[in-house]
Amino acid sequence: MIKRFLIAPPYLQFFISDPAARNSPHQVERPTVISSGDCLSVLCQYADEGQTELIVGDFDEVADEGGLAYDGSIPTPNKVLWFADAELTELARVPVSTNVTRLRIFTDGLQFPERVVIGIAPG
């Protein structure tokens, strides 16, 4: 099932992890997605300039739109993908079926993306 969220996190980024993960990556201006192994940091547009569209669904449900920014796996021992801002405010929560989840992240190609599409599959 495809889930759509409109988010406007402060500090030009949001994080994707299991709710128990605490090893956040250090943010840099490029690349669009960076990983600490158990947490991803994804750039997005300035909150003051509007919301970022976040689309999450199974690999076969979401289109491979824009440029591929990440293709890899993160541990999800609680079987949840947790989306949070830099202040650890929850932006979204998506259940997953396994203890490791593979993610393919596509963006609209902007330096600070206005649209992020995430395909998920068992790791």
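**Before you start**

The model is predicted, so to speak of local features a pLDDT of at least 70 is needed, side-chain atom pairs count only at pLDDT 80 or more, and totals for chains, interfaces and linings use all residues. Residues are numbered from 1 along each chain as its sequence is written, and side-chain values use heavy atoms, with hydrogens and water left out.

**Stop 1: the whole chain**

Show the chain as a cartoon. You will find zero helices and 10 strands; here helices (H or I, at least four residues) and strands (E, at least two) are DSSP runs, numbered from the N terminus. The order of elements is therefore β-β-β-β-β-β-β-β-β-β. The radius of gyration is 13 Å, close to the 14 Å of the globule rule for 123 residues, so the chain is as compact as a globular protein of that length. That radius is taken over C-alpha atoms, and the rule is 2.2 Å times the number of residues to the power 0.38. Along the principal axes, the C-alpha atoms fill a box of roughly 35 × 30 × 20 Å.

Now colour by accessibility. Of the 123 residues, 46% are buried, where buried means under 20% relative accessible area, exposed over 50%, and partly exposed in between (1.4 Å probe, protein chains only). If you switch to contacts (heavy atoms within 4.5 Å), 67% of those between residues at least 6 apart in sequence join residues at least 24 apart.

**Stop 2: the loop between β1 and β2**

Select residues 11 and 12. Tyr 11 lies in the loop between β1 (3-7) and β2 (13-17), and Leu 12 is in that loop between β1 and β2 too. Most residues other than glycine have a negative phi. Tyr 11, however, has a positive phi of about 70°, and Leu 12 has one near 60°. Which of the two residue names goes with "buried" and which with "exposed"? Tyr 11 is exposed, at a relative accessible area of 54%, while Leu 12 is buried at 12%.

**Stop 3: strand β2**

Move on to residues 13-17, which form β2. Five of the five residues of this strand are buried, so β2 is largely enclosed by the rest of the structure. In a regular strand the side chains alternate between the two faces of the sheet. Display the side chains: Gln 13, Phe 15 and Ser 17 are buried on one side of β2, and Phe 14 and Ile 16 are buried on the other.

Then bring in the partners of β2; two strands pair if DSSP finds at least two bridges between them. β2 runs antiparallel to β4, joined by five bridges, and Phe 15 stands opposite Ser 41 in β4. β2 is also antiparallel to β7, over three bridges, with Ser 17 facing its bridge partner Trp 82 in β7.

**Stop 4: the hairpin of β7 and β8**

Strand β7 (residues 80-84) runs antiparallel to strand β8 (residues 90-95), and five bridges join them. Five residues lie between the strands of this hairpin, and Leu 88 has a positive phi near 65° there.

Centre the view on Val 80, in strand β7. Val 80 is buried, with a relative accessible area of 14%. Which residue stands opposite Val 80 in β8? The residue is Pro 95; the C-alpha atoms of Val 80 and Pro 95 are 4.4 Å apart, although 15 residues separate them along the chain. Leaving aside residues up to four places away in sequence, Val 80 touches Ser 17, Asp 18, Pro 19, Arg 93, Val 94, Pro 95 and Val 96.

**Stop 5: strand β5 and its two partners**

Select residues 52-58, strand β5. Five of the seven residues of β5 are buried, so this strand is largely enclosed by the rest of the structure. β1 pairs with β5 in the antiparallel sense over five bridges, and Leu 6 stands opposite Glu 53 in β5. Ile 55 has Val 117 as its bridge partner in β10.

**Last stop: Glu 49**

Finish in the loop between β4 (39-43) and β5 (52-58), where Glu 49 is found. Glu 49 is exposed, at 58% relative accessibility. Draw a distance from its C-alpha atom to that of Gly 67, 18 residues away along the chain, and the separation is 22 Å.
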